[in-house]
Amino acid sequence: MSALATFETVTNWIVIAGVVILLSVIVASWLASYRISKAAPVGSGKWLFALPAWAQIGAGTAACALLAYLGYLLWIPLPLVVSPNVSVVLRIAGLALFFVGWLLVLWARWALGAMYGVSTSFVTQLQARHRLIQHGPYAVVRHPMYLGYWLLLMGVTLIYRMWTPVVFLAMCVPSFYRRARR
């Protein structure tokens, strides 16, 4: 196996492991957030949080499955042709962005602690004893998880040069903007 093929294999395993770990943390945090008492939802989609927990979890799981299927369908190469040397540079830069974004998301999630909760583009449900987090990455950036997701998706785009991360990035920008403004 050539050095380039080995590098691609290692990069693929790093990205797969990173995504699995990140999704595991997010899903576990999401499910655990149902055990914490909440205040009244804020936003136009309050009906979502009026549903029983099992229905909310089912709707969230269905939305995740739909996004995964969309990602599968869009795993089509971008119309970019680059030399092998440029491909290696893009992979290295992409891996760096992926890793920084991944660390930022996990650090922000850790800093939120019990304040972490489910939200959508239209509604947020605050914790009963909600407070503004101002330590960790939140001391520097108001929405470090959003920045982390953007960096992570940009990294995946550079590594693989496929439509899926580009479309997900395009979907995140307006959604995160609405959530950040609220």
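This is a predicted model: local features need pLDDT of at least 70, side-chain atom pairs count only at pLDDT 80 or more; totals for chains, interfaces and linings use all residues.
**Entry 1: R161**

R161 has 17% relative accessibility, so R161 counts as buried (buried is under 20% relative accessible area, exposed over 50%, partly exposed in between, with a 1.4 Å probe and protein chains only). I then placed R161 in the loop between helix 5 (144-160) and helix 6 (163-181). Helices (H or I, at least four residues) and strands (E, at least two) are DSSP runs, numbered from the N terminus. I also noted a positive phi for R161, near 55 degrees, and R161 is not a glycine. Most residues other than glycine have a negative phi.

**Entry 2: conventions**

I number residues from 1 along each chain as its sequence is written, and side-chain values use heavy atoms, with hydrogens and water left out. Local features need pLDDT of at least 70 and side-chain atom pairs count only at pLDDT 80 or more, while totals for chains, interfaces and linings use all residues.

**Entry 3: helix 3**

I checked the length of helix 3 (residues 53-73). Its 21 residues should span 30 Å at 1.5 Å a residue, and its end C-alpha atoms are 30 Å apart, which agrees. The expected span is 1.5 Å times one less than the number of residues.

Which residues of helix 3 are buried? I found A55, Q56, G60 and G71. They cover an arc of only 155 degrees around the axis, so they sit on the same side of helix 3 (the arc is that of the directions from the helix axis to the C-beta atoms). W54, L66, A68 and Y72 are exposed on the other side of helix 3. I traced the packing of the buried residues to helix 1 (3-32), helix 2 (47-50) and helix 6.

**Entry 4: a surface patch**

I found a nonpolar patch of W13, I16 and V20 on the surface, with about 340 Å² of accessible area together. Areas are Shrake-Rupley values with a 1.4 Å probe; for residues, only the protein chains shown count as cover. I16 belongs to helix 1. Its relative accessible area is 45%, so I16 is partly exposed.

**Entry 5: the chain**

I listed six helices and two strands. Their order from the N terminus is α-β-α-α-α-β-α-α. Of the 182 residues, 33% are buried.

Key
Contact means heavy atoms within 4.5 Å. Patches are made of residues with over 30% relative accessible area and no salt bridge: like charges are joined within 9 Å, nonpolar side chains (Val, Leu, Ile, Met, Phe, Trp, Tyr) within 5 Å. A salt bridge is a side-chain nitrogen of Lys or Arg within 4 Å of a carboxyl oxygen of Asp or Glu.
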